[in-house]
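I opened this entry to keep track of what I looked up in the model. The notes follow in the order in which I made them.

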Amino acid sequence: MPTYGKEDVKEVLYNAEQLKEKAKELARKISDDYKGKDLILIGILKGSVMFMTDLIREISIPCHIDFMDVSSYGNSSETSGVVRILKDLDFEIKGKDVLIVEDIIDTGVTLKYLMKYLSSRNPNSLEIVCMLNKAERRRVDIGVKYIGYEVPDYFLVGYGMDYAENYRQFPYVGILKEEIYKK
Ligand SMILES: O=P(O)(O)OC[C@H]1O[C@H](OP(=O)(O)OP(=O)(O)O)[C@H](O)[C@@H]1O
Ligand code: HPA
Ligand SMILES: [Mg+2]
């Protein structure tokens with residue numbers, strides 16, 4: 001039976017300090033690359049919340065933020081393949097330099113859909129930054145400009161990531177025990 005606590009985690013992959021440090025490093029690169037541009041960061045809810053807040057605190061150039069809420073995993077550890085938009089952007093992105101902020105890229109289905117959806121609004125540029133990249137599981141091809149850590153094919157929780165909406169609040173990234181989601 002799950003406890004919804006840290007007992008459900010088999011192993012910690014990255015601790016809070018390592019995640020903060022990586023967010024800082026990525027923010028430095030972004031601040032250099034987007035100097036003089038009209039940068040808007042778009043966080044994809046809900047998974048991106050922790051990464052988004054770590055990242056923007058370290059960005060040293062002017063920028064705006066916005067959020068979209070999309071979901072394709074529901075209460076499962078496998079994507080449904082259907083991306084649902086639950087909340088769209090508040091701002092126009094036409095002519096802006098858009099950077100999508102994601103906690104994790106797994107099959108790539110969510111981002112493939114979002115890239116097409118957002119590019120139809122004619123931004124000046126459209127790129128992706130993710131903290132974690134699970135490349136082994138990729139089903140569709142997408143170009144990712146900034147990657148924090150490459151991760152192996154395990155179902156991960158914490159640092160914003162959930163299983164059936166649980167575990168998002170853990171400050172670290174952990175491997176969820178298989179017995180929790182394989183019944
Ligand atoms: O590359 P993919 O296979 O599409 O998976 C990645 C997406 O899945 C997770 O979101 P989810 O749909 O679970 O919604 P959530 O952020 O609210 O947890 C994660 O935050 C990414 O957005
Ligand atoms: O490993 C994962 N954990 C949580 N959510 C996810 N969405 C895609 N992959 C994952
Ligand atoms: Mg999820």
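I began with Tyr4, which lies in the segment before β1 (9-14); helices (H or I, at least four residues) and strands (E, at least two) are DSSP runs, numbered from the N terminus. The model is predicted, so I note that local features need pLDDT of at least 70 and side-chain atom pairs count only at pLDDT 80 or more, while totals for chains, interfaces and linings use all residues. Residues are numbered from 1 along each chain as its sequence is written, and chains are lettered from A and ligands numbered from 1 in the order in which they are written.

Tyr4 is not a glycine, yet its phi is positive, about 65 degrees. I put Tyr4 down as partly exposed because it has 13 C-beta neighbours inside 10 Å. The cut-offs: a residue is buried if 20 or more other C-beta atoms lie within 10 Å of its own, exposed if 12 or fewer, and partly exposed in between, with C-beta atoms placed from the backbone.

I then looked up Tyr167, another residue other than glycine with a positive phi, near 75 degrees. Tyr167 sits in the loop between β8 (156-157) and β9 (173-176). Tyr167 is buried, since 23 other C-beta atoms lie within 10 Å.

I also noted a cis peptide bond between Leu45 and Lys46, with omega about -5 degrees. Lys46 belongs to the loop between β2 and α2.

**Helix α2**

Which residues of α2 are buried? In α2 (residues 49-57) I listed Met50, Phe51, Met52, Asp54 and Leu55. Their cover includes α1 (16-33), β2 (39-45), β5 (97-105) and β6 (125-133); I took two residues as in contact if their C-beta atoms, placed from the backbone, lie within 7 Å.

**Whole protein**

I counted four helices and nine strands. Their order from the N terminus is β-α-β-α-β-β-β-α-β-β-β-β-α. Of the 183 residues, 34% count as buried. Among contacts with a separation of 6 or more, 67% join residues 24 or more positions apart.

The radius of gyration is 16 Å, which agrees with the value near 16 Å for a compact globule of 183 residues; it is taken over C-alpha atoms, and the globule rule is 2.2 Å times the number of residues to the power 0.38. Along the principal axes, the C-alpha atoms fill a box of roughly 50 × 35 × 25 Å.

**Ligand 2**

Around ligand 2 I found Tyr73, Ile104, Asp106, Phe155, Leu156, Val157, Met161 and Asp162, each with its C-beta atom, placed from the backbone, within 6 Å of the molecule.
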